[in-house]
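Dear colleague,

I am handing over the structure below for your records.

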Amino acid sequence: MQSKEVKSEAAKAKKSPSDHPSGDKRFKVLDMTMKRNQYRQDALIEVLHKAQEAFGYLEEDVLLYVARGLKLPLSRVYGVATFYHLFTLKPSGAHTCVVCLRTACYVKGGGEIVKEIEQKFGIRPGETTPDGQLSVMAARCIGACGIAPAVVFDGTVASKQTPEV
């Protein structure tokens, strides 16, 4: 009888191989995504998208977890995460503002919009206000040249913006 109790306690203590030491269930989402893609290395972008969706941004331990899961060097995972502007390595604010700085937007005032945001909020593109309310980013192009200068506020494109905040 005692051996049954010991076995059941051992079974409870034993974790499945996919359990993350932190106990954070969001890692299970990553495990399922990697498994669904058969741990193929070419699924890296999809896995990173899922990670950012689950965590809000790509922390170093998340990048390391993905690298180990897909058997990729951390440098490659980090390189992909920093190459694409859709990924962020820092938590973003409650509100986001993306200013397009491609030629049409820049010539029509995109640069001035960034300067005004810097003055008014004390942050530059890629930064978040200390209170965590606003994150500002600069984009190379958002594909809205006809409505330049274009700014994306919380996912909504705003046309013909001016520096007045």
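Leucine 30 is in contact (heavy atoms within 4.5 Å) with Val47, Lys50, Ala51, Phe55, Val62, Tyr65 and Val66, residues up to four places away in sequence not being counted. Please note that this is a predicted model, in which local features need pLDDT of at least 70 and side-chain atom pairs count only at pLDDT 80 or more, while totals for chains, interfaces and linings use all residues. Residues are numbered from 1 along each chain as its sequence is written, and side-chain values use heavy atoms, with hydrogens and water left out.

Leu30 is also among the residues that touch the most other members of the largest nonpolar core, together with Leu44, Leu48, Leu58, Val66 and Val77; this core has 21 residues. A nonpolar core here is a set of buried (under 20% relative accessible area, 1.4 Å probe, protein chains only) Ala, Val, Leu, Ile, Met, Phe, Trp, Tyr and Cys residues joined through side-chain atoms within 4.5 Å. Two or more residues come from each of α2 (26-36), α3 (44-55), α4 (60-70) and α5 (74-83), and α4 gives the largest share, six residues. A second, separate core of nine residues includes Cys97, Val114, Leu134 and Val136.

Helices (H or I, at least four residues) and strands (E, at least two) are DSSP runs, numbered from the N terminus; two strands pair if DSSP finds at least two bridges between them. Strands β1 (residues 95-100) and β3 (residues 134-139) run parallel and are joined by six bridges, with valine 98 opposite methionine 137 in β3. Strand β2 (residues 127-128) runs antiparallel to β3, with two bridges.

Technical notes:
Buried means under 20% relative accessible area, exposed over 50%, partly exposed in between (1.4 Å probe, protein chains only).
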